[in-house]
Amino acid sequence: METLEYLMKKLKHGKIDDAVLTFSVNHSRQIKFADNKIVKTGVEELRNIGIFIVKDKKILTTSCHNLIGGAGLSNIGDGFNELNRKNMDRLVKRIFEFLKSVQPKKDYYGINEKKFNYKENKDGYDPKSINMDDVDYAEKGINAALKEGVKRTNGILEVHDIKSTVLTSKDITFSEKRSELYFSIRSFVEKDESGHMNALSTSLRKFDVEDAGKTSGEIARDSRNPVKGNKGSYEVILGPMAISPILDVIGESSSIFSVEAGLSFFANKKNKSIGSKKITIFDDGTLPGGVNSVKADCEGVATKKNVLIEKGVFKQYLHNTSTARKYKTESTGNAGLISPSPWNIVVEKGDFNLAEMIKNIRSGIYVTNVWYTRFANYRAGDFSTIPRDGTFLIKNGKIVGSLKNIRISENILRMLQGVDAVENKARYLRSWEARTPVLAPHILVKNCRITTPTL
Amino acid sequence: MYEEYADFALKFLKKKNVQYGEVRLEEHEEEGLILKNGVLEVSGFDHSAGIGIRFLLNNSLGFISINRFDKDSIKNNITKAIKLVRKGNKLSERVRLSEELIHKKKYKAHQKIKFKNVNLKDKIRLLQETDSNVKKAIGRYFSLSSDVARKYFLTTEGGRIVSEVPRANFTYFLTLNLNGKSAQKYWQFCNSGGYEHVKKWNLPKLILGEYKAIEKNLKYAKKPPKDNIDVVVGPEVTGIMVHESVGHPFEADRIFGREAAQAGESFIHKEMIGNVLGNEIVNVVDDPTLENSAGYYLYDDEGVKARRRFLIKNGKINEFLHNRETAAEMNIKSNGAARAEDFDKEAIVRMANTFLLPGDYSEEELIEDIKLGVYIRDFTEWNIDDKRFQQKYVGSDAYLVKNGEIKSPVLKPVLELTTPKLWKSIDAVGKNLEYHTGTCGKGEPMQGVPAFLGGPSIRIRNVKLG
């Protein structure tokens, strides 16, 4: 804290408009496994000070990852010495020198000045994770998959212990402690017969590696002897893993930054019907047990639950204080000082269980996971993604076989319009292509376009 | 500046009697700016450094990353990692590393015009000039940055590689909207070297050209023919095809399943060396030693000397991309393909600069005998399955070809193909070799590394567009 205060004092001497300093320490461990065996274990200790400065509406970001010689960040909390001071002075000098060449951003309107009574994120940190038996957890997850009759499992277990402190030039300061426990397991029977599931939690008690292992094993076991799928229009059920990259893009597209950059299919859609009445999606920075849940965003605005899509109507963009003032609205607590960003994307649960959803389908496909989601046009929402792992053909209310070599070639808005049913339970996860965690149920989409290779 | 901490880490590894140890100190000096719709959104600089430490103990692999430069912290983290490796040993894969020559070398890619000698104001002016040419685009996002990466690499075997590789980067997104229809183009540029490359890119002209191509397509494009036709794709499309459907499936760690959880596996098996994958005019290489390239290096992140890898030779599978672990698995030498994104990631098997070797045809000659076809200069959306077998490329700037002549623009021609059929359907290779840039993503945790994706124009016979 002494380092941050010293740095802030020096910056304020330079007559800045605003500054936000964020100090974080991440202690992590990692177990990577392939073919049921550990192929790497990892230990990490990373420290960083993120620096955001505005002077005469000129914006600069920099960071300070390390300071030499047993001083600097290593001593934060344990004292502050002359070497720190010299390094900080050098950095501040460079910041003001650099700012001389920067042009003002005329539509910048400042950072938060209001002091909030923060609600502590009680479920966000589990000290037990520091000494958990990582190998035992990984082994339990692997064994749960093997019990389902699969031959190979691959994946990773990650444990993060993150501490951060924010200090702003408006004298707002707060600290957070967060745990993140992540387990990802992909099971194989044969090369084209696989299943994948992740577990994500802030607490050891709720970190269910066995459920992830079992589910991934079940999907792999059921995906035996896949055949090439046919192109056409299908009713498609997207499982939580499969919907997660799509929800991730929905979250990013809700950011006003994406809208301004021409990278959002929600441009000009506020308060307009963009989807089926059956779909409601939130961004929730307060989600109990959410690995991205925090009491405040990085300028000190208390986080909250923001509705993005309510019964098919797009309701609001994600803002920080500056962008909110520009558009004469309130911050949604999503700073990102340059680009507002989502915390946890949550789909409101529906009325059906998975079995009921399958039962009501005449000709459809159940997709448990997708891979390589890419957009031709973020503004229009045109994209394609490749189903992988268990992909099941549904005929007359029953799963009748397993598929491979198909692609979903669609448009996000068209898919949202096609939502026909939402499951009554949801799974919390993040995935390789969805860095924003999601709380996602199975979702049934009508008239989904499936394509296949022509050569 | 931090070398003494790397030296200390190596000494401590030796003291702990590891079978093998390596220490990779990385420093990055970066500067960048983002211009969005003509307004300077943000600019900044960054100086980061940290140490990645890898070791083998009882044939189990451990990795540490740390950016806290004090000796006690380094000691504590190594001790913690050794404890974790010992704990996991009962479940561990017995890792072996191939025997390699030990190198002690220093190398550097030169900046003819040093980034630090170019004033930020000039860079802002350049992006604003670029922007002013395309004001009618509703979304204009330009990012220009530089990164000088210094590495200090040591091994317990006596290896010592010191390097400095600067890179210039430019990324853009252009979004046009005409008569209710929108189109978008994203692309990036990267060269190792200095600011001279930014000058060579001639950004105002380049972006204006892209704008005009998108505008023309939005105004005049019609649907492509539905029947089987011949298709000529330009170097940008060839580059992505080579990267996705040759480079990736030739990564030996995929072939052995180490990255199966996320990045996926490969449709290729280790026994397939010598098998035919394409026509005999298909020759694909991956070459980290290419000067000024995005993926440039002379020694990889395991200290192995880099060389050109001949992946496909005359249509046949010739060699895979290896690090020391996969090379040991096949009882061969590594061909120097180990790369890490930064100090905090382990080095895994990666491409550097992958490209199709040029043939004899001019682009005109590739097109002149086509009665009905499509020419696809560049692309927008693309993807490929995680075994690298089934892929899709959506054309952006594309034209109908009739009786050997390029005619009117066509709308989003879609190539959806399997890898063997693609490379077997190529009957002519152009001589117009170009290198494009991509950030190649792989691994869990995800690592993005700069790479060239290249090749000349190629002709694909008798294909149905989606």
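The centres of domain 1 of chain B and domain 2 of chain B, taken over C-alpha atoms, are 22 Å apart. Domain 1 spans 3-220 of chain B and domain 2 spans 229-463; the bounds come from an automatic or database domain assignment. This is a predicted model, in which local features need pLDDT of at least 70, side-chain atom pairs count only at pLDDT 80 or more, and totals for chains, interfaces and linings use all residues. Residues are numbered from 1 along each chain as its sequence is written, and chains are lettered from A and ligands numbered from 1 in the order in which they are written.

Domain 1 of chain B gives 38 residues to the contact and domain 2 of chain B gives 30. Contact here requires C-beta atoms, placed from the backbone, within 7 Å. On the domain 1 side, β7(B) supplies the largest share, seven residues. Helices (H or I, at least four residues) and strands (E, at least two) are DSSP runs, numbered from the N terminus.

Now to a sheet of chain B. Three strands form an open sheet, ordered β16-β17-β20, with antiparallel pairing. Pairing takes at least two DSSP bridges between two strands. Strand β17 (residues 390-395) of chain B joins β20(B) over five bridges. B:Gln390 has B:Thr418 of β20(B) as its bridge partner.

Helix α6 (residues 235-247) of chain B lies across β16 and β17 of chain B, at about 15° to β16(B). Axes are lines fitted to C-alpha atoms, for helices over the stretch in contact, and angles run from 0 to 180 degrees between N-to-C directions.

Technical notes. Contact = placed C-beta atoms within 7 Å.
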